[in-house]
Protein chains: 2
Amino acid sequence: MNLDADVLAAFKWDDRDLIPAIVQDARTREVLMMAYMNAASLQRSLDLGEAVFWSRSRGELWRKGATSGNTQRLVEIRVDCDADTLLLLVEPAGPACHTLEQTCFFRNLDEFVAKPQRF
Amino acid sequence: MNLDADVLAAFKWDDRDLIPAIVQDARTREVLMMAYMNAASLQRSLDLGEAVFWSRSRGELWRKGATSGNTQRLVEIRVDCDADTLLLLVEPAGPACHTLEQTCFFRNLDEFVAKPQRF
């Protein structure tokens, strides 16, 4: 599917031309991570059938799992009411998190408060 | 629970001092919506045991369901690896979406492409 200019304009991109994309495991329904997409990464995701994000830190397209092998096969993309957030339902080939936890949300607030660190 | 300055500083707030919060139904595991929190709304959520966001459009605290009655009781708050996104597991008292759909993600990309509108 090719997204034309009208469709792309209908999304509510932020001031960096990005849209947040929540990633959920289509099978377990676990929320795995959140990342950002620009128009190019969304189109590339559709072309590949895999999650491709925009890396805000590196300033480049980021095919999830390109180095780790932990790719995310796209099952479905959902769009929220005001078209400013995407929900990607995926089949992950491995852990979503760079810590090798299955999900980036591997701790609750109590644990974070007890040990407030970033990984 | 009171979040002290050290814990608040450990979160990675964006340039508007906000953090995105994904809301998931704790029972059905459906992703309901995404909204934003600042430190005050996070503390208020903990105090109330209900989701309280920061309304970017109105520039004020937004207790979810304050007018509609569709509050979201907090079951658990999870924090992601780099502490820049929250995941709220909730028991919703009613539809999450202002369209009265159960979830804001009520359409998939194909439907959006066919009819690219915002609600």
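This is a predicted model: local features need pLDDT of at least 70, side-chain atom pairs count only at pLDDT 80 or more; totals for chains, interfaces and linings use all residues.
Local features were taken at pLDDT of at least 70 and side-chain atom pairs at pLDDT 80 or more, whereas totals for chains, interfaces and linings use all residues. Residues are numbered from 1 along each chain as its sequence is written, chains are lettered from A in the order in which they are written, and side-chain values rest on heavy atoms, without hydrogens and water.

The contact, defined by heavy atoms within 4.5 Å, involves 45 residues from chain A and 46 residues from chain B. The two chains bury about 3900 Å² between them, 65% of it on carbon and sulfur atoms, where buried area is the accessible area (1.4 Å probe) lost on putting the two parts together, summed over both. On the side of chain A, the most area is lost by Cys81(A), Phe105(A) and Leu109(A), which together account for 19% of what that side buries.

Between chain A and chain B, 2 salt bridges are counted, the criterion being a side-chain nitrogen of Lys or Arg within 4 Å of a carboxyl oxygen of Asp or Glu. Arg56(A) forms a salt bridge with Asp84(B), with the closest N and O atoms 3.6 Å apart.

Strand 7 of chain A and strand 5 (residues 72-79) of chain B run antiparallel and are joined by 2 bridges, strands being DSSP runs (E, at least two residues) numbered from the N terminus and pairing requiring at least two DSSP bridges. Within this arrangement, Arg107(A) stands opposite Val79(B) in strand 5 of chain B.

Note on methods:
Helices (H or I, at least four residues) and strands (E, at least two) are DSSP runs, numbered from the N terminus.
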